[in-house]
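Dear colleague,

Please find below the structure that I promised to pass on.

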Amino acid sequence: MGIVIAVISGKGGVGKTTAVANLGLGVAMNGKRCAVVDFDIGQRNLDMILGLENRVVYDIVQVMDGEASLKQALIKSKVNDNLRFLAASQSKDKRVLNSKKVQKLIKELKENFDYVILDSPAGIESGFEHTIEFADAAIIVVNPEVSSIRDADRAIGILDSKSQKVKDGGEVAKYLIINRIVPDMVQSGEMLKSDDILDILNIKLVGKVPEDNGVIDASNQGKPVILDKHSIAGQAYKRISARLCGKKIDMKDVEVTDTSILKKLVGIFR
Amino acid sequence: MFDFWRRRKSASVAKDRLSIAIMSDRGVKDIYPFMDNLKKEIVEVVRKYVGVRGIEIKKEIDGNFEAISIDVFLEKNR
């Protein structure tokens, strides 16, 4: 039986889909069978980030409605044999989802994969609720910025009350990814520090991802940035993926750049 | 050099604003774990004397002061 991880954020545009694509591929690169599922019905995006938009034949709603089997609908990654992708419907509305259908789908995915990573829609509406409903764990993606953090807290609140695991008396594991950190701004006090964000949200950190232009370049090409050995965001996703697979990897302090240490030294002698 | 002290860094402003906004978003129930018990006990005490229809506890934050306000709604004609 695999583990189901919902990737959520509250606010849109913080890098949720990018995180799903990279973590999915990263977990697969660690030798685990992984399925990434786009739950953002009506706004299919994960296919583009993975470079699989031309291969989509059947989507998640067709599988839930029994018009296609899961096997038919799962698309194999071009770069890693362990990774499969299930597309969101582009034409339908998120109201087509219901708990029973979602539960059945998740169960089948769990039986076939070690990791099932769900890309949640932004917001805290029904589409979001269905994504978290049957998840064992959640990864919350935030940017070091007030509106993202506030919305994330709302999403965490709903996760804590609507998840089936919590209703059954259990607990959903929650992990935070702080995305798009600009080290220079953190150093100069113009961007929230990771520690401050952790204090406010009160959840465990699983990784910090620095701002990196390579992310846009990667999405232009449909090749997740984790494949780019020189990308600092790619390296961050590699570390997070390894942590998800149970490896002990020290938290790299991406907020301290070599240049900022240098600047401090220069400052002393000024 | 004094410029540095005069202007507060915006990250610390962000932290303060966020802490307050999130605390009020969360509501009292999540701030104080004892809230459900407190409610129950207050209702029990007041019920000894008058009928109680409901109870509402709110957290109020205004600048530096914090308070919880407790409203007990009574039954009519008692």
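Two strands are said to pair if DSSP finds at least two bridges between them, and strands (E, at least two residues) and helices (H or I, at least four) are DSSP runs numbered from the N terminus. This is a predicted model, in which local features need pLDDT of at least 70 and side-chain atom pairs count only at pLDDT 80 or more, while totals for chains, interfaces and linings use all residues. Residues are numbered from 1 along each chain as its sequence is written, and chains are lettered from A, and ligands numbered from 1, in the order in which they are written.

In chain A, eight strands make up an open sheet of mixed pairing, ordered S3-S4-S2-S5-S1-S6-S7-S8, with S3 (75-76) and S8 (204-210) as the edge strands, each pairing on one side only. Within this sheet, S1 (residues 3-8) and S6 (residues 137-142) of chain A run parallel and are joined over four bridges, and A:Val7 stands opposite A:Ile139 of S6(A).

A:Asn202, in the loop between H10 and S8 of chain A, counts as exposed (12 or fewer), because it has 11 C-beta neighbours inside 10 Å.

Key
Buried ≥ 20, exposed ≤ 12 C-beta atoms within 10 Å, placed from the backbone.
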